[in-house]
Amino acid sequence: MLELTNVSKTFNPGTVNEKTAISHLNFKLEDGDFVTIVGSNGAGKSTLFNAIAGSFYVDEGTIYLDGKNFTYLPEYRRAKVIGRLFQDPLKGTAPHMTIEENLSLAYLRTAKPGFASFSRVSKKEKEMFREHLSLLGMHLEDRMRHPVGLLSGGQRQALTLLMATIVTPKLLLLDEHTAALDPGTAEKVLELTRSIISERKISCMMVTHNMHQALDLGNRTLMMSDGSIVLDLKGEERKGLTVEDLLQKFRQKANKSLDNDRILLSSLETE
Amino acid sequence: MLSLSVVQNALEVGFIYALVALALFLSYSILDIADLTTDGSFTLGCAVSATVCIAGHSVLALPAAMLAGALAGFVTAFLQTRLGVPSILAGIVTNTGLYTINLAVMGFSSNLALFNTDTIFSMAKNPLSPVFGSWYKLVIAAAITLVICVFIVLFLGTRLGISIRATGDNADMVRASSINTTTMITIGLCLANAMTSLSGAVLAQYNKSADINLGTGMVVIGLASLIIGQTLVGKGSMKRCVLAVLVGSVLYRFIIAIALKVNIPAECLKLVSAIIVGFAIALPSLKDWAAFQKKRVAAGRGKGDV
């Protein structure tokens, strides 16, 4: 469904700060795939997401989603079919607007251009928002008129998840979306993510620094290093793999060990 | 203390200028853009209104002025969204260019008088004054402003209105929700400058004259009204915010009336406005500073001064 061919992106070309964030990357996502992505800092994980979501245009290569050429489509147009969550819970919601208004914004993906812009959100739609909110189990359905700025980080991230999926996206990008939350809340948001993805069969890519998560969740794991995918694990090869195996494989492929404290810490937790 | 005619005048002018404050509410509070086109588009409204009045169409003068203002807003929006000019500079550039445009609209004269032409006020005098007496001007000014206020409150509740509000609140999130921020900023600035121009248009007919310097300092006056209103009435729902704008604008005119009454020379009024705005915007920082000093002093006393 998603196909990246020979994609490259260099920041600040021609200056001392030149940095090739992804180089000649090829990747194909199948329908219903749930891919976890791991890698050191600066490996190009977030750049990959930015390229897919259209935060910038790539220097080289093509991006296709469901057979449609997305390479030069602006970010806001891609957002109609791509849902995205960031690590920072503040990034995904408008703090001075109510929960209801935030959901209405997300629901605009269904609106047709033109006179519909001057219509208001209907009772029926508000009722639908309420139902969706109640599924989060955070009692947000009783606070629909409250500004989002009053919610906790976990509540805001859960709301962002709901906003990204209220109109089922073709692709969901999760960029360490539970990393800034406390462990209990993170677990809850992750559980919600898992249930929404499996219920609606959304194709999903998720960056994580937690090696257990990387192996537990989804059906495929990518490892990135220096702007390339160095390891693509799926099917039989992925089954029964331990965190230690994964680290070992990374060392072989990237020809260096993982230099990320958070990854190493998360892999120590089991021992 | 204030005579009835002074009160009446403050109310009339307060309602007329409320449209500028409302425009700044849209650009400054909602879109988070300090739109310095304001001065120029206010004068543009005056100029277009006076010129169209002289041509014999005092009612048509109002939509004509709004259209001209919207175009000015479009230029500013285009500069900042498409050409990468920083938003404050974009306003200044448009504002500077408008000076010449405004002169051109007035036939390259720096003022126009409307003494022998009909205005919306002179036309309304005969039908309205039997009922409202000398208050007929206030009725007209208030009616125009209230219609625009109601329109803005309704508009900000629509899908388009919500999208504009979110653009000022969290542009990242808006782009990720499939909304084009460029379009939203453009619509917002067109609408804001249309309102500013309308205010100028009504004022020109009210004063029976248009002057090239009428708009100077308008952005500060509008901000002063906006901030006074928000401090007294508070923020919250859109209805409340718009009410705050009205209250602020009328109160500002009363402050000016009182200042004139206590013999502050008219030349000093701009300085008074500037001080009000500077102080009001600085207020949160001053409060923080005061709280910090208090805390420091309290802590020092507890341990004994070093």
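Predicted model: local features only at pLDDT ≥ 70, side-chain atom pairs only at ≥ 80, totals over all residues.
**Entry 1: α1 against α9 in chain B**

On the α1(B) side I noted Glu12(B), Ile16(B), Tyr17(B), Leu19(B), Val20(B), Leu22(B), Ala23(B), Leu26(B) and Ser27(B). Facing them in α9(B) are Gly188(B), Leu189(B), Leu191(B), Ala192(B), Asn193(B), Met195(B), Thr196(B), Leu198(B), Ser199(B), Val202(B), Leu203(B) and Tyr206(B). Sorting the residues of this contact by class, I get 15 nonpolar, five polar and one charged.

Next I wanted the geometry. Helix α1 covers residues 4–30 of chain B and helix α9 covers residues 181–207 of chain B. Their axes come within 8 Å and cross at roughly 165°. An angle over 145 counts as roughly antiparallel, so α1(B) is roughly antiparallel to α9(B). I also wrote down the hand of this crossing, which is left-handed.

**Entry 2: α5 against α6 in chain B**

I stayed in chain B and turned to helix α5 (residues 120–132) and helix α6 (residues 136–156). At what angle do their axes cross? I found roughly 115°, with the axes coming within 8 Å. Here α5(B) passes α6(B) in a right-handed crossing.

From α5(B), the contact uses Ile120(B), Phe121(B), Ala124(B), Lys125(B), Leu128(B), Ser129(B) and Phe132(B). From α6(B), I listed Tyr136(B), Lys137(B), Val139(B) and Ile140(B). The class count for the contact of α5(B) with α6(B) is eight nonpolar, one polar and two charged.

**Entry 3: chain B as a whole**

I stepped back to see the chain that holds these helices. Chain B has 12 helices and two strands. Reading from the N terminus, I wrote the order of elements as α-α-α-α-β-α-α-α-α-α-β-α-α-α. The radius of gyration of chain B is 21 Å, close to the 19 Å that the globule rule gives for 306 residues, so chain B is as compact as a globular protein of that length. Along the principal axes, the C-alpha atoms of chain B fill a box of roughly 75 × 55 × 35 Å.

**Entry 4: the two domains of chain B**

Where are the domain bounds in chain B? Domain 1 runs over 4–263 and domain 2 over 268–306. I noted that the C-alpha centres of these two domains of chain B lie 33 Å apart. Their contact takes nine residues from domain 1 of chain B and nine residues from domain 2 of chain B.

I then looked at the domain 1 side of this contact in chain B. The elements giving two or more residues to it are α10 (218–233) and α11 (238–261) of chain B. It is α10(B) that gives the most, with six residues. By class, this side of domain 1 of chain B has seven nonpolar, two polar and no charged residues.

**Entry 5: chain A and its side of the interface**

Now for the partner chain. I found 10 helices and 10 strands in chain A. The radius of gyration of chain A is 19 Å, which agrees with the value near 18 Å that a compact globule of 271 residues would have. Along its principal axes, the C-alpha trace of chain A spans about 60 × 45 × 40 Å.

How many residues does each chain bring to the contact between them? I noted 24 residues from chain A and 18 residues from chain B. On the side of chain A that touches chain B, the elements giving two or more residues are α2 (75–78) and α3 (99–107) of chain A. The most comes from α3(A), with four residues. That side of chain A divides into 11 nonpolar, six polar and seven charged residues.

**Entry 6: α3 of chain A meets α7 of chain B**

Last, I followed α3(A) across to its neighbour in chain B. There α3(A) packs with helix α7 (residues 159–169) of chain B at an angle of about 105°, and their axes are 10 Å apart. Angles of 65 to 115 count as roughly perpendicular, so α3(A) is roughly perpendicular to α7(B).

Glu101(A), Ser104(A) and Leu105(A) of α3(A) make this contact with Arg159(B), Ile162(B), Ser163(B) and Ala166(B) of α7(B). I sorted the residues of the contact of α3(A) with α7(B) into three nonpolar, two polar and two charged.

Key:
Residues numbered from 1 in each chain as written. Chains lettered and ligands numbered in written order. Axes fitted to C-alpha atoms, helices over the stretch in contact; angles between N-to-C directions. Parallel < 35°, antiparallel > 145°, perpendicular 65-115°, else oblique. Left-handed = near helix turned anticlockwise from the far one by under 90°. Contact = placed C-beta atoms within 7 Å. Nonpolar A, V, L, I, M, F, W, Y, C, P; charged D, E, K, R; others polar. Domains from an automatic or database assignment. Rg over C-alpha atoms; globule rule 2.2 N^0.38 Å.
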